[in-house]
Amino acid sequence: MNAPINAPKLYDCRDAFATTLERLAAENETIVAVCNDSVGSSKLGGFKAKFAERLVNVGIAEQNMVGVGAGLANGGRLPFVCAAAPFLTGRSLEQIKADISYSNANVKLVGISSGMAYGELGPTHHSIEDFAWTRVLPNLPVIAPCDRIETAAAVEWAAAYKGPCFLRLSRVGVPDLLPEGHKFELGKANLLRQGFDVTLIANGTLTHRILKAAEILAERGINARVLNLATVRPIDEDAIIAAAKETGAIVTAEEHSIFGGLGSAVAEVVVDNAPVPMKRLGVPGVYAPTGSAEFLLDEFGMAPFAIADAAQSLIRRK
């Protein structure tokens, strides 16, 4: 089926990651890439061609991979450790805790194909727990860019940042949402649309969906504020508190379990500072079945119309 004539072009954020990493590596000889037999899925083919001596492929050994990254950092290198998000986080959580977070090692963890991007491969390949696992660890910023522009900016920020971080990148195509030249600021939300009836908050692949939901709400006479909250930790408390006080209702949407993820992080700020009605949209505490990422998001109530309906229902509780 042909795409609608006015449909926006979609981009794979992994391409922006790879292109930016290659450019930075050309400028900084300490940058190395470490992967788990995932040169293709991590889009490291160009890096390998240009900097073969700076690519370490440990094979399918994620725990060892994280340890190698920590060792390289201790030796003065700047490692970007890349792997499929479910295996980088779930299989290597102890190493991330001890070798990266506790040690405050200057390692950049890059979770590729996060959320339900590997939808057809089923629950073992879904990464819908990684926010919960990583955001509880001290010293570890957790970042989920919303488009290719924010991805490139976040990679640049990560390379300059002295300390560990976790970048969560999807392979699902998303449109451009931020302007060219955007500079990433850790812990700062992006106000994508102003409104005072309800606030919609998301990051990653859900950001463009909540923008569409805001457009649907506007057609119904409801003005929705839209926040892109790329940084899950440290979270932008000021933006959340302002949204709660000024709009009186908040809907979060995420490609993650509703337990422990973005919605939980926002709710923690809201309940401590400005309690208002909230609705957390995500995977409701179940193993997501097999199916495409787009299908699964729709199935779990995160189609734009469903998000708009949830927001409208929440407004009635104000």
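Which residues have the most contacts inside the largest nonpolar core? They are Leu88, Leu109, Leu229, Ile240, Ile250 and Val266, in a core of 38 residues. By nonpolar core I mean a set of buried Ala, Val, Leu, Ile, Met, Phe, Trp, Tyr and Cys residues joined through side-chain atoms within 4.5 Å. Buried is under 20% relative accessible area, exposed is over 50%, and partly exposed is in between, with a 1.4 Å probe and protein chains only.

A word on the source. This is a predicted model, where local features need pLDDT of at least 70 and side-chain atom pairs count only at pLDDT 80 or more, while totals for chains, interfaces and linings use all residues. Residues are numbered from 1 along each chain as its sequence is written, and side-chain values use heavy atoms, with hydrogens and water left out.

At least two of its residues come from each of helix H3 (62-74), strand E3 (78-84), helix H5 (93-102), helix H9 (237-247) and helix H10 (262-273). Helices (H or I, at least four residues) and strands (E, at least two) are DSSP runs, numbered from the N terminus. Another core, of 30 residues, lies apart from this one and includes Ala202, Leu206, Phe300 and Ala308.

Now take Leu109. Leaving out residues up to four places away in sequence, Leu109 touches Val81, Leu88, Ile96, Ile100, Leu140, Cys165, Phe166 and Leu167. Contact means heavy atoms within 4.5 Å.

Next, two of those helices. The axes of H3 and H5 come within 9 Å and cross at roughly 5 degrees. Axes are lines fitted to C-alpha atoms, for helices over the stretch in contact, and angles run from 0 to 180 degrees between N-to-C directions. H3 is therefore roughly parallel to H5, a term for angles under 35 degrees. H3 contributes Gln63, Val66, Gly67 and Ala70 to the contact, and H5 contributes Gln95, Ile96, Asp99 and Ile100.

Last, the backbone. Most residues other than glycine have a negative phi, and most peptide bonds are trans. Where is the cis peptide bond? From Arg233 to Pro234, with omega near -5 degrees. Pro234 sits in the loop between strand E10 (231-233) and H9.

Ser113 has a positive phi, near 55 degrees, and belongs to the loop between strand E4 (108-112) and helix H6 (130-135). Is Ser113 buried or exposed? Ser113 counts as buried because its relative accessibility is 0%.

Asn139 also has a positive phi, near 70 degrees. Asn139 lies in the loop between H6 and strand E5 (142-143), and counts as partly exposed at 38% relative accessibility.

Definitions and conventions: Parallel < 35°, antiparallel > 145°, perpendicular 65-115°, else oblique.
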